[in-house]
Amino acid sequence: MGILTEPSTVALLSIVAVTLLLLLRTSRKFYQHERQLGCGEVTSEDVSWIDFLGITKLVEFARHFQHKTALEYTDQLFTRYGSTYMSKILGYRIHFTCDPKNIKHILSTGFADYDSSKLRGPLFNPITPHGIFTVDGPDWRAMRDQLRTQLSNNRGICDFAMFERQFQILLQHVPSNGQKFDIQASFISLAIDIQSEFALGDSISNLHPSPAPAKKHFAEDLHVIKETIVRDGFRGPLRHLSSKLEFRQSCVRARRFVMGYAEREMAKHSAVKMQTSDQGYYFMRGLCDRGADAAQLANQTLSILLANDSIATTLSGIFFLLSQHKWVVSRLRQSILDEIGSDLPTYDQLTKLVYLRYVIQESMRLFPAAPLNARTANKHTVLPFGGGPDGKQPILIRQGDVLVFSSWSSHRSEENFGAKPEEFRPERWEKLKGDVPGFIPFNKGPRICPGQNYAMVVVSYIVARLMQTFSTVTDYNPGPWVERISMTLENDNGVLVGLS
């Protein structure tokens, strides 16, 4: 037995020695590279030497995600380590930043150095294979151009008759006499109804008391898909340890549902010239007119439907905040009545509602739809700030490093948004002109949301109509906003208000 043990021990020690030597050589190589580029050392999060793989860090983050304190936790870490720092999670080097200059670099200046599909692709591929969330490079640009073309004529694609029809259905869910109800739940259903009618030419009628069974099941499947994608995104590689049966079944059913619309659209397009149809614009029809095949119709339409929650998040945030600020309700309502009166709003009138725009921007600042986002470096590159004792030197980003940027934290910068940035004060936007650093409610750069103008019109229309209809927003919320990070940000307690 002893004869076998000694050589085995020697072999093991040799392997360890070689591994350490390789790590040392790699570290020295990167150190020399850092010096050549003028990079400083980035602050690293404190971890035990025993946990060099960062397993406890993942557990800690998962615990905060479960307890609805992940955003507060990241804020605390920025306070402790600075606006840019590095951590290790399951062996991955992960850089966290809320520095507006670094965020701008990731999204704009250094856009080509970072990919998103390595993180998103495995999550979205089962529902949108070769969709805009699953590809990078030339394929992404082709998908992006396809979307941009369809969404470029914002005035033309905004169907105000449809908005009003959906608004009237929403009103049926508002209790009389200012009684309490969860307006967030209503906004979530309203958003998917508006987006499905925009995308498919047919609403799935989530707000309807008795929607068709196929539409009801599609809404349920879409919910499962979104929840799984978000949960697995936070779990990282550990997502492979949980069952995906329900997720895969929901993806198959949801894709089959949308493919049915795509195939009917293709058949209709072949039978008649769509230009002579009396049915107005909808997204799938526009794509079909441009020569997209059924798979492209399904991929792009599902991408639109998966991204619809930003409208619900923004509307929910607005009414959560309005319920606590009566004077804002009064000023907002009066500004709308002065411009529009009791008539239905037009596109041009909505663009003139300056105070409404301030309210929407302030709500998106405090409750951004995507409070956290991430990219992966596709090559060795440099981030402009975060290195050295004062954090003002660039830092080296290695190929494969993950960068997580927080709009939740960057939106709360006193330097960029003025005094008491944690407070809801729409008037602050009277002095905030142009492109405010760190304000990224719709992302920035080449990946800026192509549907942002459409979403702003939808939100503006719904808020304007509610303010025309009601003069009081009563607060029934049990306490402050409790984060629930789904596909976008929601209040875990709902948004409980009364309208009268």
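## Asp-221 in helix α10

Asp-221 sits in helix α10, which spans residues 213-235; helices here are DSSP runs of H or I with at least four residues, strands are E runs of at least two, and both are numbered from the N terminus. This is a predicted model, in which local features need pLDDT of at least 70 and side-chain atom pairs count only at pLDDT 80 or more, while totals for chains, interfaces and linings use all residues. Residues are numbered from 1 along each chain as its sequence is written, and side-chain values use heavy atoms, with hydrogens and water left out.

Is Asp-221 buried or exposed? With a relative accessible area of 6%, Asp-221 is buried (buried means under 20%, exposed over 50%, and partly exposed in between, with a 1.4 Å probe and protein chains only). Setting aside neighbours within four places in sequence, Asp-221 is in contact with Ser-250, Arg-253 and Ala-254, where contact means heavy atoms within 4.5 Å. With Arg-253 there is also a side-chain to side-chain polar contact at 2.8 Å (a pair of N or O atoms within 3.5 Å; within protein, one must be able to donate a hydrogen and the other to accept it, and residues adjacent in sequence count only if both atoms are side-chain atoms).

## Strand β2 and its partners

Let's turn to β2, residues 92-97, where five of the six residues are buried. Two strands count as paired if DSSP finds at least two bridges between them. On the antiparallel side, six bridges link β2 to β1 (residues 84-89). The hairpin of β1 and β2 has two residues between the strands, and Leu-90 takes a positive phi near 55 degrees there.

β2 also runs parallel to β8 (residues 402-406), joined by four bridges.

## A three-stranded open sheet

Another stop is an open sheet with the strand order β4-β12-β9 and antiparallel pairing. Its edge strands, each pairing on one side only, are β4 (181-182) and β9 (473-475).

How many bridges connect β9 and β12? Three bridges connect β9 with β12 (residues 496-499) in the antiparallel sense, and Thr-474 has Gly-498 in β12 as its bridge partner.

## Ile-55

Finally, Ile-55 is part of helix α2, residues 55-66. Ile-55 counts as partly exposed because its relative accessibility is 44%.
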